[in-house]
Amino acid sequence: YADGRVANEAGKRLGEAKTRREKEGTPFFMAVGFVRPHLPFSAPKRYWDLHDPATLPLPEKETPPIDSPPVANKVGGEIAAYDPVPVKTPGAEFPEELKRNLIHGYYAGTSYVDAQIGKVLAALDDLGLDENTIVVLWGDHGFHLGDHGIWTKHTNYEQATRIPLVIVAPGLTEAGSSSRQPCGTVDLFPTLAELAGLPAPTGPQPIDGLSLVPVIRDPEARVRDHTFHCFPKAKLGRAIRTERYRLVEWKETEKPDSAPVWELYDLIEDPDETRNLARDRPGVIAELRDKLR
């Protein structure tokens, strides 16, 4: 499998990087990318055997959020390219056995890639590089497993936009600590630069990210109170996410002056985003809309 080859190559290159560092004092940066648990859900049998599909959690809510606009939801998509998944249309049902097989495949792929990440970290340890190497583990998007009746990604909901992000900075980070600081992947560049003792990044265009080092030092510290994300569908969905709320503005890109359609979710009171509160909390919309703009 490709991810296994990537893990093996990463271990080899770490060894080469250590040799260069010892001979020439050269620091190193390595980006190691894995595909799983992305589709197709294929992984070695041992990782399928780790999970019993009968015990894996099925989606609890398979309908769109109450009062959500149709543009926010998703029908079909890349999942329909895989046999025996039906081409999903409104009202079509995934049989329970198919749901369990798909969820089983996602868990198997996650366990498989977890083992490959473990190989890379084991090589780091074996080479004695773990005490002075910064490690960041992150993903590019989340994944719907039948939540809201949606499979895979391509939405502005929490399941698709929330990503794993783990930062290990020897001598600075505390194992097991976490923060609710809203952040995005644009923050990784300035964060890594500061952790490595380099000047703040500059470029021909503005650098959008902010360094998360103050939050790494103190998980209660904040460098901002929101982050952004967007996904284009029939309309452009631009969103702002705070520790409590997500506001999504849907507008036709060809008609920038057209009236927007709003979604607002309270992630504290309603973490599963079951109801759009846009009609009920105009004050929150006004505040977040101004920041979004």
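Predicted model: local features only at pLDDT ≥ 70, side-chain atom pairs only at ≥ 80, totals over all residues.
Local features need pLDDT of at least 70 and side-chain atom pairs pLDDT 80 or more, while totals for chains, interfaces and linings use all residues. Residues are numbered from 1 along each chain as its sequence is written, and side-chain values use heavy atoms, without hydrogens and water.

Select residues 2-24, helix 1, and residues 96-126, helix 3. Helices (H or I, at least four residues) and strands (E, at least two) are DSSP runs numbered from the N terminus. The two axes come within 9 Å and cross at roughly 10 degrees; axes are lines fitted to C-alpha atoms over the stretch in contact, with angles from 0 to 180 degrees between N-to-C directions. Helix 1 and helix 3 are therefore roughly parallel (under 35 degrees). Residues in the contact (heavy atoms within 4.5 Å) include Ala-7 and Leu-14 of helix 1 and Tyr-112 and Val-120 of helix 3.

Next, select Cys-183 and Cys-230. Their sulfurs are 17 Å apart, too far for a bond, and the whole structure has 0 disulfides (cysteine sulfur pairs within 2.5 Å). Cys-183, at 27% relative accessibility, is partly exposed, and so is Cys-230 at 48% (partly exposed lies between buried, under 20%, and exposed, over 50%, with a 1.4 Å probe and protein chains only).

Finally, select residues 227-232 and 236-241, strands 5 and 6, which pair antiparallel over 6 bridges (pairing needs at least two DSSP bridges). Thr-227 stands opposite Arg-241. Extend to strand 7, residues 245-251, joined to strand 6 by 6 antiparallel bridges; there Leu-236 partners Lys-251.

Technical notes: Parallel < 35°, antiparallel > 145°, perpendicular 65-115°, else oblique.
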